[in-house]
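Welcome, and please have your viewer ready. We will go from stop to stop, selecting a few residues at a time.

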Amino acid sequence: MKSAHRIRLSLALLSALAFTGCLGDKSSSGSGTSTGQLHFNGFNGLAYQTASQTGNTNQSGEFRYYPGETLTFRVGDLTLVSGVPAQHYVTLLEFFESTRSALQIPTVEDLGLSTHTYTEQQVLESAAVMNLTRFLMLLNWTENVAEGDGIDIRGRVIRQLNAALPALNSPIDFTVSESEFTATSPVPSPANQLLASICFYPEDDELCQDPPTQTEIDNAPARPDDPDARDPDIEYREDLIAKKERIANSVRTLEDITAEDAQTYLTRELEAISTEIANGYYLNEDVASYPASDTGIKSVAVRQIGGSTSIAELEAISTRPQDVQVQSADWQSAEVEYFVAGAPGGESELLMSFRPENTYRWVRKQLRVIIR
């Protein structure tokens, strides 16, 4: 790692990913349950179940759980996943055991500090994550999930989904290849069959009607060239053709949401969660200034807003070790010790990367040290 001094002290990853009073975790009065959240901007309409709790996620994507429990998520009668560790924030990246495990392995960025962001981007290449995300985005009432909006799966959509499930020619499997999951011909994939059975418009909308059959079109009279000769109560052949096209164009398929669209949506959610977690921590000072003659050991500490600081891993480097050197780092006290080593006029940034307990995410903070 070039000339920078790097210290890393780590605590073994916890086997159960349940937030217990950290990272803004909230408990209901007297119940002992905690509130978790699926995604940052909300995820409405999924049924969830733990060993002790059942319910439906609301507009904020909230669910209730006891620490140590796992989650099962369903959309209507369709089970999406089971065995997901319940915690304060859950994302679709954690719905599969393989990707959940991959998230626990940080990557190292150019300065030699651990980060989770590169790992998340690698996990976003998972076909299973992409298949699931595209499918759920298409169940959103509006076809696009705008920035800052969550996914809203409405009761009308769920009722149609439940009605169509028994007619599928095979179960929906999110772990198949992208080409198999998104197939439209010669036989549409089960996911596309299901989407074709759902109308995302009010029940009485024309687009929710069965399209005209070819027999109905053939038997309909041709539209007169003279507008005055047209009967407003008659659906002419041209009208039925246009109606059939409108209904066909209103049917959603997985081609309507690309893997790139899904990655963009997930990246927004992941970045928002990381920012929210990082905002819960601060250093007890942002700038420190010492005379060059003061070579005694100094310290800077990580602090958590509104609670005691609990971190599992801590790394620290000096960007200019010729001016400021790291002496030690201790995850238990959440402190980094350092000392001045340079001449007057020198300065350095102390970069601290740490992982709060019960999350795979790393937080970066920095202290500017000036030598006078």
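In which loop is Asn358 found? Select Asn358 and you will see that it belongs to the loop between β20 (347-356) and β21 (363-371). Helices (H or I, at least four residues) and strands (E, at least two) are DSSP runs here, numbered from the N terminus.

A word on what is loaded: this is a predicted model, in which local features need pLDDT of at least 70 and side-chain atom pairs count only at pLDDT 80 or more, while totals for chains, interfaces and linings use all residues. Residues are numbered from 1 along each chain as its sequence is written, and side-chain values use heavy atoms, with hydrogens and water left out.

**Stop 1: backbone angles in loops**

Stay with Asn358. Its phi is positive, about 65°, although Asn358 is not a glycine. Asn358 is also buried, with a relative accessible area of 7%; buried means under 20% relative accessible area, exposed over 50%, and partly exposed in between (1.4 Å probe, protein chains only).

Next, select Ala334, in the loop between β18 (324-330) and β19 (335-340). Ala334 is not a glycine either, yet has a positive phi of about 60°. Its relative accessible area is 1%, so Ala334 counts as buried.

Now jump to Ser185 and Pro186. The peptide bond joining them is cis, with omega at about -5°. Pro186 sits in the loop between α5 (178-181) and α6 (190-196).

**Stop 2**

Colour β14, β16, β19 and β18. In that order they form an open sheet of 4 strands with antiparallel pairing; two strands pair if DSSP finds at least two bridges between them. β14 (281-283) and β18 stand at the edges with a single partner strand each, so one side of each has no neighbour in the sheet. On average, neighbouring strands here are turned by 20° against each other, direction ignored (axes are lines fitted to C-alpha atoms, for helices over the stretch in contact, and angles run from 0 to 180 degrees between N-to-C directions).

Zoom in on β14 and β16 (residues 298-304), an antiparallel pair with 3 bridges. Select Leu283 to find its bridge partner in β16, Val302.

**Stop 2: another open sheet**

Select β6, β5, β8 and β9, which in this order make an open sheet of 4 strands with antiparallel pairing. β6 (54-56) and β9 (78-85) are the edge strands, each pairing on one side only. Inside this sheet, β5 (residues 47-49) and β8 (residues 70-75) run antiparallel and are joined by 3 bridges. Gln49 has Thr72 as its bridge partner in β8.

**Stop 3: helix α4 and Arg156**

From β8 and β9, move to α4: its buried residues pack against β8, β9, α3 (127-139) and α6. Those buried residues are Arg156, Val157, Ile158, Gln160, Leu161 and Ala164.

Finish on Arg156, in α4 (residues 155-164). A polar atom of the Arg156 side chain does lie 2.8 Å from the backbone oxygen of Tyr201. Leaving aside neighbours within four places in sequence, Arg156 is in contact (heavy atoms within 4.5 Å) with residues including Trp141, Cys199 and Cys208.

Definitions and conventions. Polar contact = N/O pair within 3.5 Å; in protein donor to acceptor, adjacent residues only side chain to side chain.
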